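Subject: Structure handover and findings

Dear colleague,

I am handing over the structure below, and after it I set out what was found, residue by residue where that helps. Please read the notes with the model open beside you.

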Amino acid sequence: MSAVADAHGRRLLSISDGTIERIDPDLTDEEIKNRFGLDRLTHMPKIDFCAGLLLDGPLEGTLSYAINELGHRGTHYLPRTPTDAPPRTPPGAGLVYQVVKLGANGRPAELRHVIEPDRRG
């Protein structure tokens with residue numbers, strides 16, 4: 001079940017059959033499991049997304065998104081080539097960036113390019 005609630009305090013419940021339900025905040029886990037015939041209920045943590053500024057590497061100066069946790073790594077992609085390629089053209093190479101400074105007070109998180117060792121060998 002999601003950690004983020006709507007304006008009425010209801011959270012989203014994703015069921016393995018693809019159904020999504022809005023759940024009243026007053027229901028206990030046992031009531032939810034009984035109502036939907038579930039064996040188990042897992043609560044997802046809230047993810048703190050924010051703007052992220054890529055400080056170096058091939059995407060230096062790019063404003064993107066980040067998970068606002070020190071050390072969190074994410075893959076950012078070089079633009080498609082050529083730039084007039086159709087939307088289904090795969091993006092360019094993926095580059096790993098790591099959060100080195102948290103975003104706060106309207107400032108984006110800061111991320112540095114991480115050169116990962118070659119994993120083929």
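Predicted model: local features only at pLDDT ≥ 70, side-chain atom pairs only at ≥ 80, totals over all residues.

Residues are numbered from 1 along each chain as its sequence is written, and side-chain values use heavy atoms, with hydrogens and water left out.

Val99 also belongs to the largest nonpolar core, whose nine residues are Cys50, Leu54, Leu59, Ala66, Leu95, Tyr97, Val99, Ala109 and Leu111. A nonpolar core here is a set of buried Ala, Val, Leu, Ile, Met, Phe, Trp, Tyr and Cys residues joined through side-chain atoms within 4.5 Å, and buried means under 20% relative accessible area, with exposed over 50% and partly exposed in between (1.4 Å probe, protein chains only). Two or more residues of this core come from each of β3 (49–54), β6 (94–101) and β7 (109–114), and β6 gives the most, with three residues; helices (H or I, at least four residues) and strands (E, at least two) are DSSP runs, numbered from the N terminus. Apart from this core lies another, of seven residues, among them Leu13, Ile15, Ile32 and Leu41. In soluble globular proteins, nonpolar side chains tend to be buried together.

Strand β3 also holds Ala51, which is partly exposed, with a relative accessible area of 32%. Beyond four places in sequence, Ala51 is in contact with Leu63, Ser64, Tyr65, Ala66, Pro108 and Ala109.

His76 lies in strand β5 (residues 73–77) and is buried, with a relative accessible area of 10%. Not counting residues up to four places away in sequence, His76 touches Leu54, Leu59, Ser64, Tyr65, Ala93, Gly94, Leu95, Tyr97 and Leu111.

In the loop between β6 and β7 you will find Asn105, which at 77% relative accessibility counts as exposed. Its phi is near 50°, a positive value in a residue other than glycine.

Ile15, in the loop between β1 (11–14) and β2 (20–23), counts as buried at 16% relative accessibility. With residues up to four places away in sequence not counted, Ile15 touches Glu21, Phe36 and Leu38.

Finally, the largest pocket has a volume of about 290 Å³, and of the 14 residues that line this pocket, the closest to its centre are Leu13, Ser14, Ile15, Arg40 and Thr42. On a 1 Å grid over the protein atoms alone, a pocket is an open set of points where a 1.4 Å probe fits, with protein on both sides within 12 Å along at least five of seven lines, and lining residues have an atom within 4 Å of a point. Grid points are joined across faces, edges and corners, and a volume is the space filled by probe spheres set on the points.

With best wishes

Technical notes. Contact = heavy atoms within 4.5 Å.
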